[in-house]
Number of protein chains: 2
Amino acid sequence: MFFSSEKGRMKRKFLGIDIGGTNLRGKIISGQGDTLGEGKIRSDASAGISRLMENLVGFIKEFSRQEISAIGIGVPGTVDSANGILVQGPNIAETRDFPFAQVLSERIGTATPVFIENDATCAAIGEYRAGAGRGSNSMVMITLGTGFGGGIILDGKLWTGENGFAGELGHMTINPSGPPCAGGSRGCVEAYVSQVAIRRIVRENPKLREKFSDVEESAFPERLAELAREKDPAAISVWNDFGANLGVAISILVNILDIRTVVVGGGLSGAWELFIGKTTEETERRCISKAARGLQIKRAVLGDDAGVLGACYLAESGLEENC
Amino acid sequence: MFFSSEKGRMKRKFLGIDIGGTNLRGKIISGQGDTLGEGKIRSDASAGISRLMENLVGFIKEFSRQEISAIGIGVPGTVDSANGILVQGPNIAETRDFPFAQVLSERIGTATPVFIENDATCAAIGEYRAGAGRGSNSMVMITLGTGFGGGIILDGKLWTGENGFAGELGHMTINPSGPPCAGGSRGCVEAYVSQVAIRRIVRENPKLREKFSDVEESAFPERLAELAREKDPAAISVWNDFGANLGVAISILVNILDIRTVVVGGGLSGAWELFIGKTTEETERRCISKAARGLQIKRAVLGDDAGVLGACYLAESGLEENC
């Protein structure tokens, strides 16, 4: 009996999908963690939720030639994972309190369970299980993309909070009188440490502004990194501040939670060597020494794979909890 | 068999002790939570650890006419609870990495297990089990005393962190360029929201300074509250800032952890009506709306009893884990 159920378990296949602004990325893994297939199509997320659903259903059906046990999806936005609801998806037009998992299940038309989570949370699960956080007990992952995202794993378990919205790390205040945030707050860490922040900082800097006049806003971070590598003092100074502010945020997390592993990923982590020195310095200065005992700030290793792999693990763990 | 063990369990008695700067307070509770005895003696903590140990041993022996199943102690300082070590006790002279639980056990000379925790953490356990946090699932308690202490309970369990030092809430940075802190950091919330902070703020305020010339520093908060109740604008303004800064700290905690219950206690919570309006306002402004869903900021109800009761529960839960 045990053997047969164990065998059934091993035969399971999990489909993970990461919804990006540009692409849907999918991966199937086996119960042993081997990759059995992967793919990518356009997401058209900005065209609205119904177009996105259509694309998702088509994408999932392509994969479904294989028998899928559960589907996990990383969604950009605020997710009520317990109820499968996309509460707010700023990059998916007209989306508020959308019963994502239920609608998708109905559209797929099979009994395959669907689990959703915030995309940065999925990336955290991915790095924890198969990346830079492997072997750690507790971990915080910070994703430096357009915004400042996060995921918290405590004692081997995702901490989702009482409403399912934990890990909104970008909205930590690090300077009460800092720049305004869309939500009405001021001085959130996201206003200092994110792609959006870099765009603002460059635009406001008279020494840098002109050097970016022919650069698309989305390419600002890359250009800023190039300039710093060419020893441009103004660019170096921006990365120093970026690193120090990231350190302030990490010290807040460590003083509160006393976790030993902080993983930093997302597109901006490509500029790692330009900011990490200041990050470490500032973290150490601001942590009470004992809480920082054994602390490691690690660079994420899975890149874009973290989110889609995390979505696979989400499917797996969702299924196990529901079995 | 079940009945007899259940009966044995119910017959257990737990001694909790709270080590204050001035007094040792003790309480015995039954397995059903009834108070079976209590007492208080001078702690002489400032005279150093060996004098404190002597006082503790005498105090415990007095209680020991009753048969105690386990002892829980709330200690002012950084505590490695898993190993029973007082890592740092700034208010107990010459104390660093002191094997508190072991030494005390040897001095008592019985097999009664001894568990220790940080005193603010004990207060959090007390309020969670028997006070303002009763019935909540997750809770953060903030203790506004000489410093800014805290305790975190997630899903019914104390979160102590990977080294046992979680909940150092006072060292959250809320303003990177703020006043310096003894540990080398700047702009910790403790530098704005604590008794020590109020002393500094009053001394630096030309409109208030003179009104405090005949007041002992330890009585500054009380005098400041009196002045605010008499409508002194400078005093009102200090409490407004105090409240707003507390709100910044609470918003950071809620954005990270998505907990619905925040309990605020400690001596300074006596000025509740002078700061709580601004605290609520600032918290709401800085929390992403969804994480703040259902959030309640509650005043602690157990007063000085929170710590000693929490120490009793610490003894109880320590024993159960070890059984």
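The domain assignment divides chain A into domain 1 (2-123 + 305-322) and domain 2 (135-299); the bounds come from an automatic or database domain assignment. The model is predicted: local features need pLDDT of at least 70, side-chain atom pairs count only at pLDDT 80 or more, and totals for chains, interfaces and linings use all residues. Residues are numbered from 1 along each chain as its sequence is written, and chains are lettered from A and ligands numbered from 1 in the order in which they are written.

The C-alpha centres of domain 1 and domain 2 of chain A are 28 Å apart. Nine residues of domain 1 of chain A and twelve residues of domain 2 of chain A make up the contact. Two residues count as in contact if their C-beta atoms, placed from the backbone, lie within 7 Å. On the domain 1 side, strand S5 (78-80) and helix H4 (119-130) of chain A each supply at least two residues. Helices (H or I, at least four residues) and strands (E, at least two) are DSSP runs, numbered from the N terminus. This side of domain 1 of chain A holds five nonpolar residues, three polar and one charged. Ala, Val, Leu, Ile, Met, Phe, Trp, Tyr, Cys and Pro count as nonpolar, Asp, Glu, Lys and Arg as charged, and the others, Gly among them, as polar.

Between the chains, the contact takes 40 residues from chain B and 40 residues from chain A. Strand S6 (85-88), H7 and H8 of chain B each supply at least two residues of the chain B side. H7(B) gives the largest share, seven residues. The chain B side divides into 17 nonpolar, 15 polar and eight charged residues.

The same surface serves both copies, as 100% of the contact residues of chain B recur in chain A.

Helix H8 (residues 272-286) of chain B has 15 residues. From first to last C-alpha H8(B) reaches 21 Å, close to the 21 Å expected at 1.5 Å a residue, where the expected span is 1.5 Å times one less than the number of residues. The buried residues of H8(B) are Leu274(B), Phe275(B), Thr279(B), Glu282(B), Thr283(B) and Arg286(B). A residue is buried if 20 or more other C-beta atoms, placed from the backbone, lie within 10 Å of its own. Seen down the axis of H8(B), the buried residues fall within an arc of 115°, so they line one face of the helix. The arc is that of the directions from the helix axis to the C-beta atoms. The buried residues of H8(B) pack against helix H6 (220-229), helix H7 (233-257) and strand S13 (296-299) of chain B.

Definitions and conventions:
A residue is buried if 20 or more other C-beta atoms lie within 10 Å of its own, exposed if 12 or fewer, and partly exposed in between; C-beta atoms are placed from the backbone.
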